[in-house]
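Please look over the model below before reading my comments.

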Amino acid sequence: MDTDQVRGKWDATKGACPTRQVLGRIGDTWTMLVISTLEKGGTLRSGQLKSIIEGITQKMLTQTLRHLERDGVVRREVVPTVPVTVTYTLTPLGRSLAAAVATMRTWAYDHMDEIAAARTEYDANL
């Protein structure tokens with residue numbers, strides 16, 4: 001499908017377009033951090049994710065993982081052990097999204113000094 005066909009089908013500037021919800025989800029800080037962590041760490045348990053991603057609450061981690069599972073980005077697997085082990089892995093769709101997240105993360109790293117300087121200048125002019 002070429003770009004014009006895609007544009008004709010989806011338009012995130014329209015309120016009813018489902019891509020708006022997807023963009024909101026993937027642009028979320030916790031979503032990006034969970035995807036990045038799973039990309040680097042492979043299959044992980046919830047507790048491992050929580051210990052790696054500083055500042056995320058259990059509630060936010062659970063909500064984020066559920067949304068990503070629903071969207072087909074993360075696969076949740078229940079391993080019948082005592083106690084039960086639950087693991088999370090990126091799906092092929094999730095791995096394709098991880099590439100875009102990595103690009104955004106790299107951009108932020110590359111431009112953080114410029115952003116910090118712009119914020120300092122802005123705040124000084126308030």
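1. Basis. This is a predicted model, in which local features need pLDDT of at least 70 and side-chain atom pairs count only at pLDDT 80 or more, while totals for chains, interfaces and linings use all residues. Residues are numbered from 1 along each chain as its sequence is written, and side-chain values use heavy atoms, with hydrogens and water left out.

2. Sheet. Helices (H or I, at least four residues) and strands (E, at least two) are DSSP runs numbered from the N terminus, and two strands count as paired if DSSP finds at least two bridges between them. On that basis there is an open sheet of 3 strands, ordered E1-E3-E2 with antiparallel pairing. Strand E1 (44–45) and E2 stand at the edges, and because each has a single partner strand, one side of each is left without a neighbour in the sheet.

3. Pairing of E2 with E3. Strand E2 (residues 74–79) runs antiparallel to strand E3 (residues 85–90), and 6 bridges join the two. Arg75 has Thr89 as its bridge partner in E3, and Val78 is likewise partnered there by Val86.

4. Thr89. This residue of strand E3 has a relative accessible area of 14% and is therefore classed as buried (under 20% relative accessible area, against over 50% for exposed and partly exposed in between, with a 1.4 Å probe and protein chains only). Its contacts (heavy atoms within 4.5 Å) are with Thr43, Val73, Val74 and Arg75, not counting residues up to four places away in sequence. The side chains of Thr89 and Thr43 also make a polar contact at 2.7 Å, a term for a pair of N or O atoms within 3.5 Å where, within protein, one must be able to donate a hydrogen and the other to accept it, and where residues adjacent in sequence count only if both atoms are side-chain atoms.

5. Helix H6. With 33 residues (92–124), H6 reaches 46 Å from its first C-alpha to its last, close to the 48 Å expected at 1.5 Å a residue, the expectation being 1.5 Å times one less than the number of residues.
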